Structures are given as structure tokens and as C-alpha cells.
Amino acid sequence: MTTTITWYGHATFGLQIDEYFMLIDPFFAHNPLASVSADSFNPQYILVTHGHGDHVGDTIDIAKRSGATVISNAEICGWLQKQDVKTHAQHIGGGFTHPFGYVKLTQALHGSALPDGSNGGNPAGFLITTLHGKKLYFAGDTGLFGDMQLIGDEGLDYAAIPIGDNYTMGPADALRAAKFLRAKHLQPIHFNTFDLLKQDANAWAKQVEKDTDSKVHILKPGETFTI
Ligand code: NI
Ligand code: MN
């Protein structure tokens, strides 16, 4: 009855929910923080938040080898289908009950052009209600937005939010996001992958735990969190 969340650095996760294993934004080959290779995974599902290379990552290779179904927006799914990848297209605000739980795409303030310049639609986050009823929010790459309060109203058990600044929220806006989201467990992501994203996650965690009731988990790449 547990969900195991493994972080591989940047925005890359492995999620085990009972017999279902999925990857989120599987960026391994060019991810300086990931110490595992894309070849070591056999997911049934791959969730892709948006079209940028550090999120689409190794999706095509992994999906073709494993036969995984990619869950993403309609534009990214259309692009993947043309490359013989199995997909399940959704769009922002829309949810679907997959075998492992209900997945809803949420808005994100960012871009989504695909690596070859194709239109990747709008960027998204994922709100996953696991088959055990746990609510997990993966914000994707995003700036702060006030409607994070609405996502917080869902009653989040866990949220993963970017703190790296420059391309996404930085620590100050991520602290405001933490107040909107009110997640029981909170994990900072999308930092320290590259010099441009250097942040002091420990200082951020201290401030969040002072100002909110959230417990912050700073994982090392490859570490696991169970909920
Ligand atoms: Ni991005
Ligand atoms: Mn990114």
C-alpha cells in the first residue's frame, strides 16, 4: 500500500505504485546528476511534463525498448506517435483513470518546444491520485502562479517543485508556492543540475519548515522516498 518515489536528479523520477512502475521526465543520458543509465528501466508508463530536452530526455529510447505508454499533452503525444511510441494524450485540466491511479494535467508557466523545434503544446504538471488515494503533485517547470492554491485545496500528500531559478521558480517564489500548496511532504527539484541552477536547498528547506507545516525532503540523486 505504499508509493515509492525515487529521484534521479533534475526533474526525473521513478514511481512504483504496487506493480506499476513509471518514469517522469526521464532525463538520464545528458543528466549530470543521474548515475544510472536509461537502459536499466522497464517502465509501463512514462509521464512527460513538456517538450524541452531535459524533460523528454530518453523517452523515445526507453518507450520503444520497454513498450511503455507515454502520458503527456496531445501535441507531444502526436510527435511521439509519429516515432512509433505508444501514447495516451490528455490535456490541461483533464484527468483519466490509469491502472495505477488518476492523472490530471495541471497548468505550468513555461515553454514546451520539442527538441527538433516541433510544437510541444503547452507545458504541464501532473496531479496523480494513486490507487491508494495518495495525492502527488509534480509541478514540472513553472513559474509561480496563484492557482497553485487550487491545487493545494486538493489536499496534497507530496509535491515536487522547482527551486533552481532562471528557467523556473527560484527559492523565494518556491517558498510562496509551498504556502499555496500546503503539501504534507515537499521536495525541491530542478536545482544544482548545472551551474546556472545552483541553489542552497538546505537554507530553503529551513525557511519553508519555519513558515509552513510542510516537511521538506532533500534527496540525493538515486535516493528514495516512501509515502
Ligand atoms: Ni523546461
Ligand atoms: Mn527544465
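Predicted model: local features only at pLDDT ≥ 70, side-chain atom pairs only at ≥ 80, totals over all residues.
Visitor: How do you know which residues are the protein donors of the nickel ion (ligand 1)?

Guide: Check the distances! A donor is an N, O or S atom within 2.8 Å of this kind of metal. His50 (NE2), His52 (ND1), His110 (NE2) and Asp141 (OD) lie 2.2 to 2.3 Å from the nickel ion, so they count as donors.

Visitor: And what makes the arrangement around the nickel ion (ligand 1) irregular?

Guide: The angles. Tetrahedral would need all of them between 85 and 135 degrees, but the four donor atoms here subtend 88 to 174°. The arrangement is therefore called irregular.

Visitor: What do His52 and His110 tie together?

Guide: His52 is in the loop between strand S4 (45-47) and helix H1 (53-56), while His110 is in the loop between S8 (101-107) and S9 (124-130), so the pair links parts 58 residues apart in sequence.

Visitor: Why is His52 called partly exposed?

Guide: Buried means under 20% and exposed means over 50%. His52 has a relative accessible area of 23%, so it falls in between. His110, with 24%, is partly exposed too.

Visitor: How do you know that S8 and S9 pair?

Guide: Count bridges: pairing takes at least two. S8 and S9 have seven, in the antiparallel sense, and Leu105 stands opposite Phe126 in S9. Strand S7 (residues 95-98) also pairs with S8 in the antiparallel sense, over four bridges.

Note on methods: Residues numbered from 1 in each chain as written. Chains lettered and ligands numbered in written order. Heavy atoms only, no water. Donors = N, O, S within 2.8 Å, 3.2 Å for Na, K, Ca; no water. Tetrahedral: all angles 85-135°; square planar, octahedral: opposite > 155°, others 65-115°. Helix = DSSP H or I, 4+ residues; strand = E, 2+ residues; numbered from the N terminus. Buried < 20%, exposed > 50% of the residue type's maximum accessible area, 1.4 Å probe, protein only.
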